[in-house]
Structure formats: C-alpha cells, structure tokens
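Hi,

Here is the structure I promised to pass on. Have a look at it first, then read my notes below.

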Amino acid sequence: WLERNPGQFWLHVCWCHFLQLEQSTNLLLLVWELALKDNFWVCREMALDELKEKDSLIISRFLPDIQKMAISDSNPSVRKAALEILSQIQFKEKKEILLRAMKDSSLAASSQAYRQYFVEEFDDADEKRKELEQDSSNDYQSILAEYYASRQGKESFDWFKAKLQQPEGSS
C-alpha cells in the first residue's frame with residue numbers, strides 16, 4: 001500500500017505529527033524517499049520543507065534527487081525549495097546547478113539561485129550581479145538590495161543612494 005500511495009501516506013504522516021516518526025529512522029527515510037518522488041507536488045514540497053530542518057548527513061543521502069528537483073521539477077515552488085536545501089550543504093556541482101537555476105522560468109526559483117550564488121561568492125559573482133543591475137525589469141531588485149545590505153562600504157551606500165534618488169517607477 002505504501003509504495004502505491006506514497007502521497008496519501010505522506011499527508012497522513014504529516015497530519016499525525018510527523019516528528020513522532022523520528023524514533024524510527026528507517027521508516028522516516030523510506031517516507032522521504034517516496035515523498036521526494038511523489039507525483040503530487042505538495043508531497044514533494046512538504047518532504048523538502050521537512051528536510052530543511054535536518055543535518056547535512058541526512059540531506060546528502062537524498063542529494064541526487066534534490067539536485068534533479070532544483071533544475072527540472074515541474075512545479076516552481078518545489079524547485080525553489082530544493083534550491084533552498086542545496087544552499088545548506090557543499091557539493092561539487094553546486095555552481096553548475098545554480099547557474100542553470102538562474103535561467104529558471106520561475107522568478108522565485110531563479111531569485112533563490114542568484115541569492116545563493118552571491119552568498120557563495122563564486123569567482124564570477126560580481127559579473128552576475130552586474131548583469132542583474134543591467135536588467136531593465138525590477139524583478140531582481142530585492143536580490144540586489146539583500147546583497148548590498150549584507151555588505152559594508154561605499155559601493156553599498158552608493159547603490160542604495162542611487163536607488164533612493166531614482167524617480168518612482170524606474171528600475
């Protein structure tokens with residue numbers, strides 16, 4: 001029954017106080033494994049949300065699935081949740097996955113990828129930041145504001161000053 005109906009089981013587990021299952025680690029890992037592959041996107045997102053609270057050892061057990069979800073899941077909120085989890089751990093393909101996710105059609109997912117790329121301070125992060133600054137839409141302004149707010153110095157002050165002096169409605 002569990003293998004044929006993982007989504008229903010996953011929802012039942014959550015409703016029955018998911019954390020009580022932590023006493024049975026093997027069952028918990030099986031539920032996560034099935035829920036991460038469930039056809040119902042809410043199940044996948046809930047599984048990812050629960051994984052966010054776990055240590056990197058548990059997360060790394062599901063790393064291939066999470067990486068795949070971050071790039072190619074059919075639901076944008078699942079892709080974003082997967083990217084949030086990937087931000088918690090270090091792995092070899094991180095830069096490549098974030099670069100691909102920056103091109104995501106979902107603003108939420110691509111924003112998460114940019115946010116993490118800047119936090120990681122990859123060698124070309126300044127170049128990516130400048131690309132965002134040249135973007136004529138205001139889609140990524142909050143990402144840039146977070147970036148500059150986390151920095152000190154004249155460059156950050158100048159960026160905020162310029163934004164405050166811009167006429168309303170311009171980027």
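Which residues do ring pairs link into a cluster? They are Tyr 114, Phe 118, Tyr 140, Tyr 147, Tyr 148, Trp 159 and Phe 160.

Before going on, a word on the basis: this is a predicted model, where local features need pLDDT of at least 70, side-chain atom pairs count only at pLDDT 80 or more, and totals for chains, interfaces and linings use all residues. Residues are numbered from 1 along each chain as its sequence is written, and side-chain values use heavy atoms, with hydrogens and water left out.

Rings of Phe, Tyr and Trp (its six-membered ring) pair if their centres lie within 6.5 Å; planes under 30 degrees apart are stacked, over 60 edge-to-face, and the rest tilted. That rule gives 8 aromatic pairs. In one of them, Tyr 148 and Trp 159 have ring centres 4.9 Å apart and planes at 20°, so they are stacked. Tyr 148 sits in helix H10 (residues 141-149) and Trp 159 in helix H11 (residues 154-165), so the pair ties together parts 11 residues apart in sequence. Helices here are DSSP runs (H or I, at least four residues), numbered from the N terminus. Tyr 148 is buried at 3% relative accessibility, and Trp 159 is buried at 11% (buried means under 20% relative accessible area, with a 1.4 Å probe and protein chains only).

Of its 40 residues, Leu 48, Ile 66 and Leu 83 touch the most other members. H6 provides the largest share, 6 residues.

Cheers

Conventions:
Helix = DSSP H or I, 4+ residues; strand = E, 2+ residues; numbered from the N terminus. Buried < 20%, exposed > 50% of the residue type's maximum accessible area, 1.4 Å probe, protein only. Core = buried A, V, L, I, M, F, W, Y, C linked by side-chain atoms within 4.5 Å.
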